[in-house]
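Subject: Structure handover

Hello,

Here is the structure for your files. My notes follow below it.

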Amino acid sequence: MKNKNLKIVIAGGGSTYTPGIVQALIKSRQKLDFSEIMLYDIDDTRNSDMQLIVEYQLKQENLQSEVSIKKSTDPEEAFRDSTFVFSQIRVGGLKMREVDEKIPLKHGLVGQETCGLGGFSYGLRTIKEILRIVEYVQRFAPDAWILNYTNPETIVSEAIRRVYPNVRMLNACDMTISIEETIARDYGYNRNNWQPVYYGLNHFGWYKSIYDISVDRDIMPEILEKISNEGLKIADFNKGDKTWQEAWDMLAKISRNFPGALPNNYLEYYLYSEETVEKMDPNYTRANIVLDGREKRTREMARKIRENESGDVLDFNFGEHGQYIVDMAVSIVNNDHGRYMLIVENKGAIPNLRSDAMVEVPAYVGRNGAEPISLRFDISDFHKGLMEVQNAAEKLLVDAYFENSYNKALQAFTLNQTVPNANVAKVVLDEFIEANRGYWPELH
Ligand code: NAD
Ligand code: G6P
Ligand code: MN
């Protein structure tokens, strides 16, 4: 594989996460020799704004002569000769995220972009487009690696597994890194010393242990005690973001009520669905917060650059999000075998769970892709039961997509653990069918 003058494509180039990715790319330039960043998006206006911002970022680091920044809405131009494709599309944009969140909430159910029925609505919208991107990459750059973090990740990766079982692709989520960063920062640990064991589905899992090589033992029991007593705090760059502080508070609550394993905060939507609904404003959801925050700030950054305004132009900080993606690319190019939580086909990694589930477990990443670890212990009946129901619901949803089956979709909606009965599952499904016309497959 080529390891110099790499071309990196960002699919969904207009995403508000792009500046954070570019920031991480610039920081890692010694380890990743790229000469072109290509923004691929179906929306040329968003792509143009982003091209301006990235140009500005490169200029600030004096890299404008070494790295070219291009944009395209044409897949062949975008993907041809690429080495890496970072995939971060949001099918239907934040406007449809708002719909995903508000329809369930109207019926007293969790309104969230990846969990509950909102995640299912987003999933059925995204499968077709993500498969199309994989197909483009197979056609125009078959040796390229796709690093995918497009949500909802378990559903997306399950669909890809069925059509492209051997694709050169890593599916990863930043949530475990964000949990670990927050713990390390709050309690004064160095995360680089950690070797965590984690298992679950995406946004649905638990840590079994966190081995710290600097003290040669599992420090998870003491971390759990600290979380139980002191809770977790949001990072400074996130100050004012009430949603994330609430998420950490719920993680602490789950840890207290179900001792022995450190949970992913997203479990709050399944274990405490009513409580999370009570905290949500049905008229102003997370999509509105993002539209009025990150999205607006991004447009503002582009405007300032376009109008040559001086002063503080760049305004972004996505914590570790961009860095872990770039680190995975570095690990592939340099055959580093860095350890990451990845979403992979189980195939015995979790011994007592069905083999074809898409699970999130630690994996070593090198030139040949992911080598997931085998856990070599059975997970508890509690975790297994929760995961099996969620996995069955997600599989049924993907079946519904490929079979155009209303029946399978209704089964998926009914089985979702945020849904109390089949009546409300049907009402919400029917509303989503209307709201997603043109996006969802025809279900009959
Ligand atoms: P955004 O709306 O700001 O950006 C997404 C971009 O994708 C838009 O510019 C849009 O025009 C483009 N797009 C939509 N459909 C496309 C298609 N078919 N082909 C090419 N481009 C297309 O959204 P965002 O908030 O930046 O999030 C982007 C994605 O990344 C979402 O799926 C989000 O859930 C995901 N995400 C995942 C993680 C993770 O840890 N897994 C973290 C952050 C964001
Ligand atoms: C975390 C999750 C992502 C999710 C994001 C939402 O990073 O791991 O999967 O997309 O949060 O953040 P937002 O600010 O868009 O609500
Ligand atoms: Mn995620």
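In which loop is Asp-216 found? Asp-216 sits in the loop between strand 8 (204–212) and strand 9 (217–218); helices (H or I, at least four residues) and strands (E, at least two) are DSSP runs, numbered from the N terminus. Phi of Asp-216 is near 55 degrees, which is a positive value in a residue other than glycine.

Some conventions before the rest. This is a predicted model, in which local features need pLDDT of at least 70 and side-chain atom pairs count only at pLDDT 80 or more, while totals for chains, interfaces and linings use all residues. Residues are numbered from 1 along each chain as its sequence is written, chains are lettered from A and ligands numbered from 1 in the order in which they are written, and side-chain values use heavy atoms, with hydrogens and water left out.

Ligand 1

The shell around ligand 1 holds 26 residues, where a residue is near a molecule or strand if one of its heavy atoms lies within 4 Å of it. Ser-15, Asp-41, Arg-46, Tyr-122 and Glu-153 come nearest. By class, the shell has 9 nonpolar, 8 polar and 9 charged residues (Ala, Val, Leu, Ile, Met, Phe, Trp, Tyr, Cys and Pro count as nonpolar, Asp, Glu, Lys and Arg as charged, and the others, Gly among them, as polar). Helix 5 (116–140) and helix 13 (321–333) each supply at least two residues of this shell.

A polar side-chain atom of Ser-15 is 2.5 Å from an oxygen atom of the ligand. Ile-89 places a backbone N or O atom 2.8 Å from an oxygen atom of ligand 1. An N or O atom in the side chain of Glu-129 lies 3.3 Å from a nitrogen atom of ligand 1. Taken alone, ligand 1 exposes 870 Å², and the protein buries 95% of that (areas come from the Shrake-Rupley method with a 1.4 Å probe; for residues, only the protein chains shown count as cover).

Ligand 2

Ligand 2 is surrounded by 13 residues, of which Arg-97, Asn-151, Asp-174, Arg-286 and Arg-294 are the closest. The shell is made up of 6 nonpolar, 2 polar and 5 charged residues. Helix 12 (residues 286–306) gives the largest share, 3 residues.

Polar side-chain atoms of Asp-174 and Arg-294 each lie 2.7 Å from an oxygen atom of ligand 2. For Glu-113, the distance from a polar side-chain atom to an oxygen atom of ligand 2 is 3.0 Å. On its own ligand 2 has 390 Å² of accessible area, and the protein covers 88% of it.

Asn-151, listed above among the closest to ligand 2, is joined to Pro-152 by a cis peptide bond with omega near -10 degrees. Pro-152 is in the loop between strand 5 (145–148) and helix 6 (153–163).

Helix packing

Helix 4 (residues 93–106) and helix 16 pack at about 155 degrees, with their axes 10 Å apart (axes are lines fitted to C-alpha atoms, for helices over the stretch in contact, and angles run from 0 to 180 degrees between N-to-C directions). Helix 4 is therefore roughly antiparallel to helix 16 (angles under 35 degrees count as roughly parallel, over 145 as roughly antiparallel, 65 to 115 as roughly perpendicular and the rest as oblique).

Helix 15 (residues 406–415) packs on helix 16 (residues 422–435) at an angle of about 125 degrees, with the axes 9 Å apart, so these two helices are oblique to each other.

Regards

Conventions
Polar contact = N/O pair within 3.5 Å; in protein donor to acceptor, adjacent residues only side chain to side chain.
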